[in-house]
Amino acid sequence: PMRSPARVMHPLVICTLLGSVLASPLLTATPAYATDGAKTRSGSNVTTFLTIEGRQVVNIGAPASSAGDTTITSGSVSMTEGGLPIGTFATRVVVVMPDANGRERRDTTVHVSMPGGALYAQQIQDDPTGLRPNTASDLVILGGTGDFRNARGVLSMAPAAAGVLELTWNLMPNIGIDPEQATTISFERLVSVTSSGQATNDVNTLSQDGSQGRLRMKGVDGTFTCGDSTLAQARPGGIGLDSWLCRYDLPSGSVLVSAFSQYRTGTAWPSKFTDIILGGTGAYAGVRGEAVTDCTSKTAADVTLRLLNDTSLPPVPVKFSQDRTYKTFGGLDLADATVIYAGATASQFARGTKQVVGTSASLFVSSFALPEAEGFRRSFGVYAFSLRGGTIRAVAYDEGPTGAGSPTRTLVVTGGTGVYLGATGTIGLIAGKITNERTVVRIAQ
């Protein structure tokens, strides 16, 4: 079933890890060569070549392919095949549906850093079990920083030479959306296959659930694959974090939908909820909007996608500032602490006051065992800000020596709900004393 309540888990007190994750350095590319400024503008393409230099695979349970198996890959970025490195990349891959006829479905996040900025993409991929991608595929561009701020569109990825991937970032024009005007697509989601994996310690539990099935709709039916990752405390009423992703394959392309939320263990999920559309492929390239889901049974749901219409005008910039006080609730380590999952929750305050204006939460997976100096980490994170009027979802990546900090880190906004529907942009977290931060939100709609 989709979004089943999380089971019990074990908290790990990892102050060093959380300190570095929650006050982590913003990744900067090696400033060897500047990219062509014309290539970084929205509405054009940027081609990069990724050379794989490190790959770490951690099984969540059984040695065989299973839901939750995690792979972190890293290496260098060049603008031509075999060219000089101008940046770095990292990917985080989590198995959603394990091996079936030599292939598995994976939740794949890509981060590429170049001198002009960083780009993010995500998709549920169909790849050979335990191996790197061997066929061409399209991912959804989530956003970026620097020259790529507010980026959206489609990332086309294909194998090149041995250990090299060619990535073409097809960037959509940066124009605004009309939250009141939308195209709707409705279908019934019917689950036919499920999977689950789990890792636990004395205090927290990490669970990965997956499902596949059919989309029953007028005309030609579609298919879907969904993955649900949860990290939760074992004690009754403990804190839980839920990161959910679903790929809807429709006749004219795919749409990627996501949600990230905080909950209390032991509570039932609502039967109806609204999620964020991250983007799409094919006819849905660069789309923004929301998905309204009404679960009619454990294996069926009615889903309506609201795809927002673009305007011919530039996006409307919005900026605001808040204070943030966070606390960690533990973590869980895999494979002798070479990969660690860690979560945190926070209260948001009106700037300079104690007036609560919302909450936020984050879930990070960090790698410590790629071929780097001892104590080097790579961390992928997802954030959710629940504020008055709506929610904002964002992603983050950072790397560096364990325990190293930076006064500022940048999150990439991947969408929102309510007044933040269709948002893109960035969020800056400026470190304060102990567990306090300033939150500077720069979004466009």
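Q: What should I know about the model and the numbering?
A: This is a predicted model, in which local features need pLDDT of at least 70 and side-chain atom pairs count only at pLDDT 80 or more, while totals for chains, interfaces and linings use all residues. Residues are numbered from 1 along each chain as its sequence is written, and side-chain values use heavy atoms, with hydrogens and water left out.

Q: How do β20 and β21 pair, and over how many bridges?
A: β20 and strand β21 (residues 390-401) pair in the antiparallel sense over 12 bridges. Two strands pair if DSSP finds at least two bridges between them. Arginine 377 stands opposite glycine 400 in β21.

Q: Which residue stands opposite serine 366?
A: Serine 366 faces serine 379 in β20. Strand β19 (residues 356-367) and β20 pair in the antiparallel sense over 10 bridges.

Q: Why is β20 described as largely enclosed?
A: Strand β20 (residues 376-387) has 11 of its 12 residues buried, so the rest of the structure largely encloses it. Buried means under 20% relative accessible area, exposed means over 50%, and partly exposed lies in between (1.4 Å probe, protein chains only).

Q: Is valine 365 buried or exposed?
A: Valine 365, which is in strand β19, counts as buried because its relative accessibility is 4%. Its C-alpha atom is separated by 5.6 Å from that of isoleucine 340, 25 residues apart along the chain.

Q: And where is phenylalanine 349 found?
A: Phenylalanine 349 is in strand β18 (residues 339-350). With 14% relative accessibility, phenylalanine 349 counts as buried. The C-alpha atoms of phenylalanine 349 and arginine 324 are 6.2 Å apart, and these residues are 25 residues apart along the chain.

Q: Changing topic, how many salt bridges does a search of the whole structure find?
A: The search finds 16 salt bridges. A salt bridge is a side-chain nitrogen of Lys or Arg within 4 Å of a carboxyl oxygen of Asp or Glu.

Q: What does aspartate 107 form a salt bridge with?
A: Aspartate 107 forms one with arginine 92, and the closest N and O atoms are 2.9 Å apart. The pair links distant parts of the chain, 15 residues apart: aspartate 107 is in strand β4 (residues 103-114) and arginine 92 in strand β3 (residues 87-100). Aspartate 107 counts as buried at 11% relative accessibility, and arginine 92 counts as buried at 14%.

Q: Which side chain does arginine 106 meet in a salt bridge?
A: Arginine 106 meets glutamate 104, at 3.0 Å from N to O. Both arginine 106 and glutamate 104 are buried.

Q: What about aspartate 126?
A: Aspartate 126 forms a salt bridge with arginine 105, the closest N and O atoms being 3.4 Å apart. This pair links distant parts of the chain, with aspartate 126 in strand β5 (residues 117-128) and arginine 105 in strand β4, 21 residues apart. Aspartate 126 is partly exposed, with a relative accessible area of 35%. Salt bridges that share partners join Arg103, Arg105 and Asp126 into one network.

How values were computed
Helix = DSSP H or I, 4+ residues; strand = E, 2+ residues; numbered from the N terminus.
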